[in-house]
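Subject: Structure handover

Hello,

Here is the structure I promised to pass on. Please look it over first, then read my notes below.

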Amino acid sequence: MLKEALQISHEVGMPFVGPRLLGTLSLCSDDLEVQTSALQEGFSILKAGCHAHNQLWFLRDAIETSLQTKHDSDALMYAEYMEHITNREPLAWANYFIQRARLIVHSKLDPKDPTTQKEFVRLEQIAKDGKPVLLATGAAEMGEVKLAADLIMKYTSDLVLMQCNTNYT
């Protein structure tokens, strides 16, 4: 169905919904060539001009695909672009994905970095509130998930781990 939607979009004009479809394709495909091609085409359309909803959804998917395929520099590039396009009117939704990408990449590079440690302090403060914690693990490695879960479990057992499944076949 996704390939059919892309075919129709190519026929009627990619700027309307093309980048959104290409971002979804990048997430759903297990083929690195397909992912890379979809991201390149989608980003090219974004830079040429398209509807705003495409920019946000495509960039979210591009960040996630890049993190999952361990293309961390691409994830940071997409996060930076998302920050650029939302700079004049910041969106909490966009800021979440921007900050998440940066934290995941930086935690891999230097787990003892003060920025990473600050984020873990923030997680700890959330856990101390005594409210249920929903932790989206995204592209995190198992060690990162365990570290965050252990930290939260010190204060509450009311923890839900959410893992995105991008392979729906």
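First, how the helix geometry is defined: axes are lines fitted to C-alpha atoms, for helices over the stretch in contact, and angles run from 0 to 180 degrees between N-to-C directions. Helices (H or I, at least four residues) and strands (E, at least two) are DSSP runs, numbered from the N terminus.

Some ground rules. This is a predicted model, where local features need pLDDT of at least 70, side-chain atom pairs count only at pLDDT 80 or more, and totals for chains, interfaces and linings use all residues. Residues are numbered from 1 along each chain as its sequence is written, and side-chain values use heavy atoms, leaving out hydrogens and water.

**Overview**

The chain has eight helices and two strands. Along the sequence they follow the pattern α-α-α-α-α-α-α-β-α-β. The C-alpha trace spans about 55 × 40 × 30 Å along its principal axes.

Now confidence. pLDDT is the predictor's confidence in each residue, from 0 to 100. Its mean over the chain is 85, and 93% of the residues reach 70 or more. Among the elements, H5 has the highest mean pLDDT (96), and strand E1 (residues 133-136) has the lowest (76).

**H2 with H4**

H2 and helix H4 (residues 52-68) pack at about 15 degrees, with axes 8 Å apart. Angles under 35 degrees count as roughly parallel, over 145 as roughly antiparallel, 65 to 115 as roughly perpendicular and the rest as oblique. H2 and H4 are therefore roughly parallel. Their crossing is left-handed (the near helix is turned anticlockwise from the far one by less than a right angle; clockwise would be right-handed).

Contact means heavy atoms within 4.5 Å. On the H2 side it includes Phe16, Val17 and Arg20; on the H4 side, Trp57, Phe58 and Asp61 are among the residues. By class, this contact has seven nonpolar, eight polar and three charged residues. Here Ala, Val, Leu, Ile, Met, Phe, Trp, Tyr, Cys and Pro count as nonpolar, Asp, Glu, Lys and Arg as charged, and the others, Gly among them, as polar.

**H2 with H3**

Helix H2 (residues 14-28) also packs against H3, at about 155 degrees and with axes 8 Å apart. That makes the two roughly antiparallel. H2 passes H3 in a left-handed crossing. Leu22 and Leu25 are among the H2 residues here, and they meet an H3 set including Ala38, Leu39 and Ile45. The contact has ten nonpolar, three polar and one charged residues.

**H5 with H6**

The axes of helix H5 (residues 72-86) and helix H6 (residues 92-109) come within 9 Å and cross at roughly 155 degrees. H5 and H6 are therefore roughly antiparallel. H5 passes H6 in a left-handed crossing. The contact includes Leu76 and Met82 of H5, and Trp93, Phe97 and Ile98 of H6. Its classes come to ten nonpolar, one polar and five charged residues.

**Aromatic pairs**

Rings of Phe, Tyr and Trp (its six-membered ring) pair if their centres lie within 6.5 Å; planes under 30 degrees apart count as stacked, over 60 as edge-to-face and the rest as tilted. The count comes to five aromatic pairs. One of them is Phe43 with Tyr78, edge-to-face at 5.2 Å centre to centre and 90 degrees between the planes. This pair links distant parts of the chain: Phe43 sits in helix H3 (residues 32-48) and Tyr78 in helix H5, 35 residues apart.

Best wishes
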